[in-house]
Amino acid sequence: MHEASIALSLVDLARDVLREHGAGRATSLTVRIGEWSSVVPEALQAAFPASAHGTPLEGAHLNVVRVPGVGECPEHGPVELELARGLRCPTCGAPTPQLLQGDELELDELELI
């Protein structure tokens, strides 16, 4: 379960943002997790409270925005990919070697108080 180490990294990153803005605490975080990122959102949400314990993020709510995978089909342009089909266009089956989105893991928003 590498999500525990990801949760610890999110807490560290959020603490840096708190320091930069002179804030004492955060009430919520929003992260964007790509469908192709190999991160399990439910596992990250389960690991977050323990990672935030004793920090200015303790009690903060972790919101997860799931980002679908989008590939560039040479025939159809940007297409939403299906994990079960791999990097192939869902319309024509052509390989879509370029992933335009869906592999991200980003801290998107942080509510400070």
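The crossing of α1 and α2 is right-handed, meaning that the near helix is turned clockwise from the far one by less than a right angle. The contact (heavy atoms within 4.5 Å) draws on E3, A4, I6, A7, L8, L10 and V11 from α1 and on A43, L44, A47, F48, S51 and A52 from α2. Sorted by class, that makes eleven nonpolar, one polar and one charged residues; here Ala, Val, Leu, Ile, Met, Phe, Trp, Tyr, Cys and Pro count as nonpolar, Asp, Glu, Lys and Arg as charged, and the others, Gly among them, as polar.

All this comes from a predicted model, where local features need pLDDT of at least 70, side-chain atom pairs need 80 or more, and totals for chains, interfaces and linings use all residues. Numbering runs from 1 along each chain as its sequence is written, and side-chain values use heavy atoms, without hydrogens and water.

The two helices pack at about 50°, axes 8 Å apart. Axes are lines fitted to C-alpha atoms, for helices over the stretch in contact, with angles from 0 to 180 degrees between N-to-C directions.

Now for the sheet: it's open, three strands ordered β2-β1-β6, with mixed pairing. β2 (61-67) and β6 (105-112) sit at the edges with a single partner strand each, so one side of each lacks a neighbour in the sheet. Pairing takes at least two DSSP bridges; helices (H or I, at least four residues) and strands (E, at least two) are DSSP runs, numbered from the N terminus. β1 (residues 26-34) pairs with β2 in the parallel sense over seven bridges.

Helix α1 (residues 3-21) lies across β1 and β6, at about 45° to β6.
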